[in-house]
Amino acid sequence: MTIETIRSSPLPAANGQAPVPLTETTTLTLAKAINAGLRRAMLDDPKVVLLGEDIGALGGVFRVTSDLLAEFGPNRVVDTPLAESAIIGTAVGLAYRGYRPVCEIQFDGFIFPGFDQIVSQVARFHYRTQGALRMPITIRVPFGGGIGAAEHHSESPEAYFTHTSGLRVVAVSNPQDAYSLIRQAIASDDPVLFFEPKRRYHVAGPVSPQLGESFERARVVAAGTDVTLLTYGALVSTATDAALAAADDGISVEVIDLRSLSPIDYATVEASIRKTGRLVVTHEASRSGGLGGEIIAEVTERCFDYLEAAPVRVTGFDIPYPTAKLEGHHLPDLDRMLDGVDRVLGRRR
């Protein structure tokens, strides 16, 4: 199924009242935008089923699935046991039978009990069956820090999955993308890891019912000519602030929101590097083995003749995620991003 073939065939709700999809541009928080995208996907296709811990009556820990149980009933909004391996395993069976399951992983660090199912089954079935079977599974993962949470509640495990062939990996940064990309992810015949920056859940913005660009395309958030600042998720907002601060110092920074982490839209990245000649990559995940290193290696191979300086990484540190009191030192912030810009410009070592 492609973006163009997403159908509209509303179904009656479990409470007897037909759910109302988003029909005009309105202001929504990122969490509400995902909710609206899920609702529209469930209206469009009766084979879309939600699975997760406390997603029904509670509406999820972050209330992203609020009211969907009342609208669609317990056969399509399924409260599961506290067992991520069972959630993903059930989704595999549903996909095998023609459904489009959407799994919620309550917190990023809770995904690891389901890791085997994701990398050994979800990612491989299409290849293993020589194309005979698809796994149209969407796995929603609230990720990242900045909310003062306990251990296993603020991690950034995206690199594990970008390393795994057979998976699409997406990270959203704003309400419009949250709405559009969750619909595109669910409509995709490929399995999608859908990363949601939990500290941005309550940030509001305009949301149009139109799907916009494909979720494979990166987005130039702010145009610039001196440095390319590449990021995704919650750090897009910080990077935009860094670009504004750099402009006060006469430095023009181009900010790119990757949106798709696998595959990466290197055409957009290359076009920016050919213009600026300098690259800074920033993410919350640890530096070693992080996505930033892979991006820099690929950019160096593709754009070596255009680079004016060695690319720079601004990342989390190579430590287990710290306690809430220390996470402010761990997460890349405006000052650290500006330091990265200064380093790539040769203004600081």
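Buried means under 20% relative accessible area, exposed means over 50%, and partly exposed is what lies in between. Keep that scale at hand while you walk through this predicted model.

**Stop 1: an aromatic pair**

Select F115 and Y160 and show their side chains. The two rings make an edge-to-face aromatic pair, with 5.9 Å from centre to centre and 80 degrees between the planes. F115 belongs to helix α4 (residues 115–122) and Y160 to helix α6 (residues 158–162), so this pair ties together parts that are 45 residues apart in sequence. Now colour by accessibility. F115 has 25% relative accessibility and therefore counts as partly exposed. Y160, at 47%, is partly exposed as well.

**Stop 2: the neighbouring residue in sequence**

Next, select F161 and F195. Their ring centres are 6.4 Å apart and their planes stand at 45 degrees, so the pair is tilted. Here, too, distant parts of the chain are linked: F161 sits in helix α6 and F195 in strand β7 (residues 192–197), 34 residues apart.

The model has eight aromatic pairs by the count used here.

**Stop 3: two helices side by side**

Move to helix α1 (residues 30–44) and helix α7 (residues 175–187). Their axes come within 8 Å and cross at roughly 30 degrees. Angles under 35 degrees count as roughly parallel, and α1 and α7 are therefore roughly parallel to each other. Turn the view to look through both helices, and you will find that the crossing is right-handed.

Which residues meet here? From α1, select L30, A33, I34, A36, G37, L38, R40, A41 and D44; from α7, select P175, A178, Y179, I182, R183 and I186. The contact is made up of 11 nonpolar residues, one polar and three charged.

**Stop 4: helix α9 and its cover**

Finish with helix α9 (residues 266–276). Its buried residues are Y266, T268, V269, E270, S272, I273 and T276. To see what covers them, show the strands β9 (219–222), β10 (227–231), β11 (253–257) and β13 (279–286), together with helix α10 (291–303), which are among the covering elements. Before you leave, click on G277, which follows α9 and has a positive phi, near 75 degrees.

Notes: Residues are numbered from 1 along each chain as its sequence is written. This is a predicted model: local features need pLDDT of at least 70, side-chain atom pairs count only at pLDDT 80 or more; totals for chains, interfaces and linings use all residues. Side-chain values use heavy atoms; hydrogens and water are left out. Axes are lines fitted to C-alpha atoms, for helices over the stretch in contact, and angles run from 0 to 180 degrees between N-to-C directions. Helices (H or I, at least four residues) and strands (E, at least two) are DSSP runs, numbered from the N terminus. Angles under 35 degrees count as roughly parallel, over 145 as roughly antiparallel, 65 to 115 as roughly perpendicular and the rest as oblique. A crossing is left-handed if the near helix is turned anticlockwise from the far one by less than a right angle, and right-handed if clockwise. Contact means heavy atoms within 4.5 Å. Ala, Val, Leu, Ile, Met, Phe, Trp, Tyr, Cys and Pro count as nonpolar, Asp, Glu, Lys and Arg as charged, and the others, Gly among them, as polar. Buried means under 20% relative accessible area, exposed over 50%, partly exposed in between (1.4 Å probe, protein chains only). Rings of Phe, Tyr and Trp (its six-membered ring) pair if their centres lie within 6.5 Å; planes under 30 degrees apart count as stacked, over 60 as edge-to-face and the rest as tilted.
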